[in-house]
Amino acid sequence: MGLLSFYFSTKGNTITISRILLVATALVAIAPAARADKALLNASYDATRELYADYNQVFAAQWLKQTGEKVTIAQSHAGSGDQARAVIDGLDGDVATLALSYDIDAIAEKAKLLPTDWQTRLPNNSAPYTSTIIFLVRKGNPKNVHDWNDLIRSDVKVITPNPKTSGAARWAYLAAWGQVLKSGGTPEQAKDYVAKLYHNVPVLDSGGRGATNTFVQRRQGDVLLSWENEALLAARQLGQDQFDVIVPSSSILAEPSVAVLDVNAAKHGTAKEAEAYLRFLYTPEGQDIAAKHFFRPRNAEVAARYAQNFADVKLFTIDDVFGGWKKANDAHFIDGAAFDQIYTPSK
Amino acid sequence: MSLTLAAGGRRRRNALPGFGLTLGITIFVLSVLIVIPLGGLVARAASLSPSQILSILSSPRVFSAFRLSFGLAFIAAVIDGFVGILVAWVLVRYHFPGKRILDSLVDLPFALPTAVAGITLTALYADDGWFGAPLAKLGLSVAFTPWGIFVALLFVGLPYAIRSCQPVLADLEREAEEAAVTLGAQPAQIFWRVILPQLFPALLTGIALAFARAAGEYGSVIFIAGNMPGISEIVPLLIVIRLEQFDYAGAALLATTMLVMSLVILLLLNLLSIWRSRQYV
Amino acid sequence: MSNHRRPGENRIVRFFLIAAAVVLLGAMLVAPLVLLLAEAFGKGVAAYFDSFSKPDTVSAIIQTLLIAAVVVPVNTVFGLAAAWCIAKFNFPGKTLLVSIIDLPISVSPVVAGLVFVLIFGSRGWLGPFFAAHGIKVIFAFPGMVIATLFVTIAFVARQLIPLMQQQGRDEEEAAMVLGAGGFRTFWYVTLPNIRWALVYGVLLCNARAMGEFGAVSVVSGHIRGQTMTMPLQVLALYQDYDSVGAFAVASLLAFLAVVTLVVRRVLEWRFRAELGYAGSL
């Protein structure tokens, strides 16, 4: 504290040590009061930071109005797999809102914090909003990228995160593989396509947000292969005039899943609030917030209102192309599976 | 030797108090904080069968990650050593404006969070960065290649190398050099024959410390490395990847292997300082 | 005659050496620092100070201060205890003990975090026990303190051990013979002899504790406004596309580093004799 006070006082500016102390005291004073009310922890992934920052406030206000109970929601964000592991190791989340159902399956299986049939408990496979994988390119599309086949041209560099560590990257990888099958290709051709694609990837970030930063802030690569919501958000945050969104002819329907972590919520006595928190996502109000943050809403009315944001893409699901996450994971992402084979030094 | 030491110890123990208490605290803290946790790590790794261990460690990706982490750390540490001598020499022997400030900045990499170092270095060396742009014109990409890792490791190891050389250079005996001068030796000869031998043990210590620090470096490297399997993927990243796949035993095995290699380095380091103190006391 | 000098006294050589050192340090240390400040003040002074009024950032700063407030005293007591028994007594296994104290310096931060996940995680050795008693260790304050303790354990001890070894035990023995008690001897004889090295060790420990990223990141859980520390907050803000906020927090940490180093310079300059070799890292 001494060093800090020295710092602030020499700068002699708006922030003084007394102000910091004031905030500190306020925080300490608030903390016990807040604990008396209900507190939820939402363990989420990278791309939902802005969505839930917004949504939490709306939900808290709504819950207060409806029940008279004050609820505060804390957020934790990291890569989806990283978060699943943290929850399994004891991160005390009441709800998990992750990038893929496989990660919540892992929680159910390894830590038994919720039943394995959790996906049936909420509508739409427990995925209140969806997204897909699209391309973000530099303004004016200098490399002339229009569809999947352009990504494997030798003059195109693609930025996408590492599927081993990132949920976004797994969806992107499966989108790339699946679109080959969907356009009549064989599994061999799909494998060949994906290998060529990843040979055009110069940087494999560990998380989706890291990849976006590499593309937009560090100006690496020609195409960012990522979440639609992430691409649209980056384009908005960092200037419409810098990027163009390119929508491929077909892509995958990404269903980020949400679930109450029953054991934790029961321990905290927040089962009711946690359930309501997730259900509110399905209401028109919740759907509207999701759509505002570039997630595709399930609700048709809301979807119609935001139609201009979401291009018409032929979407295929992981179930019909890959037979679900378990199979996809075993075939593609575990040690020595298809993704690793791309990098076995036969090249 | 050991007998006299023990006897000496016993005599002293009577004279000064607090041995039991302080040794107790030391052993307690070290056990709880270091020995038991690291023991747990090794135990977890040992839960794998020998064939599993062999297959993990012999995979080409693991091998190339170890080669990258330890190889680059070694090269970076050696270069840090040379920069260390130069900087320590200039800081100790010369006076020039701004010297104090420069001297204070030497420890910056030590206290700056590694993630901050990573973000900053990446911005500097990306193809549109202050250093990256001119280098890119010369056809050298630094950020997102193994060169980037090298730059980051150079950065984190630098203070260790400089600070190891500085006090020794400051305390070098003038007499030896002056004697050499009166005997007609050339400056270069004096440097190689008189100064360097005295500096050498400290230099080695500095290099070893920089190496130990750099080999395990994670925070700054992941930002600048590019993280391409087999090309710019470091061992700590492989550990993280295994963790994400819920493969704790595999992660523990890689961690243990790093730990053993670090232990070997430390052992050499301590032998080195023993050797040094025997020579120069 | 012109050749008969100590090495490096030739004017041209001297100029080139100074120039080389300044350029090297400029590129390796000053440039990252300048970039950091340029980014922090990129949108003006007001935006810079505004970053410190965000509740999450304030909470991260407080969290970091609290961690340091626990870690630094614990490591100070440990450092004194370890230095006392290692420097003033002889006992079998001493070299091993010193090596163990040094060990965390060369353990990758990722591994440091991993070991505590293996122990205190829900499926770890002690995790279920603490969970049953309603104590949160990992992904909460205690876990972050433990990981930071691990990383910084060597800093105070490393400063004190060489100095206390060099000073020997004659003065303490004399005090004991004259009838001073153990505590009085420590307080009035030992402590004044080592105080500046101790202060410096504490400062180093503090800087490192506040700046630790890798190990804390693994055990923090990244709960915003609760378990974020300053280095984690830097990364979070950076990824929220708030680079002014990120670099503003980073600049605080860089500033802390520089203050630490300036204090060290002053101490070394005024109390050089007392610090001895201990001033080196």
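Chain A has 17 helices and eleven strands. The model is a predicted one. Of the 347 residues in chain A, 51% are buried. Take the contacts in chain A between residues at least 6 apart in sequence: 71% of them join residues at least 24 apart.

Start with a sheet. Four strands of chain A form an open sheet, in the order S2-S1-S3-S9. Its pairing is mixed. Strand S2 (71–78) and strand S9 (257–260) of chain A are the edge strands, and each pairs on one side only. From one strand to the next, the twist averages 15 degrees.

Strand S3 (residues 95–98) of chain A pairs with S9(A) in the antiparallel sense, over four bridges. One residue pair to find there is Val95(A) and its bridge partner in S9(A), Val260(A).

Helix H5 (residues 101–111) of chain A touches S3 and S9 of chain A. The direction of H5(A) makes about 145 degrees with that of S3(A). Helix H12 (residues 271–279) of chain A also packs on the sheet, touching strand S1 (38–45), S2, S3 and S9 of chain A. The direction of H12(A) makes about 160 degrees with that of S9(A).

Next, the core. In soluble globular proteins, nonpolar side chains tend to be buried together. Here the largest nonpolar core holds 288 residues. Ile107(A), Ile239(B) and Leu160(C) touch the most other members. Helix H3 (residues 55–88) of chain C gives the largest share of this core, 16 residues.

What is Ile107(A) in contact with, leaving aside its neighbours within four places in sequence? The partners are Ala84(A), Val87(A), Ile88(A), Ala96(A), Leu113(A), Leu114(A) and Leu261(A).

Finally, turn to chain C. 27 residues of chain A are in contact with 27 residues of chain C. Which elements of chain A give two or more residues to the side that touches chain C? They are helix H1 (2–11), helix H2 (17–36), S2, helix H4 (80–88) and helix H9 (208–216) of chain A. The largest share, five residues, comes from S2(A). S2(A) is also an edge strand of the sheet. By residue type, the side of chain A that touches chain C divides into 15 nonpolar, eight polar and four charged residues.

How values were computed. Residues numbered from 1 in each chain as written. Chains lettered and ligands numbered in written order. Predicted model: local features only at pLDDT ≥ 70, side-chain atom pairs only at ≥ 80, totals over all residues. Pairing = 2+ DSSP bridges. Axes fitted to C-alpha atoms, helices over the stretch in contact; angles between N-to-C directions. Contact = placed C-beta atoms within 7 Å. Nonpolar A, V, L, I, M, F, W, Y, C, P; charged D, E, K, R; others polar. Core = buried A, V, L, I, M, F, W, Y, C linked by C-beta atoms within 7 Å. Buried ≥ 20, exposed ≤ 12 C-beta atoms within 10 Å, placed from the backbone.
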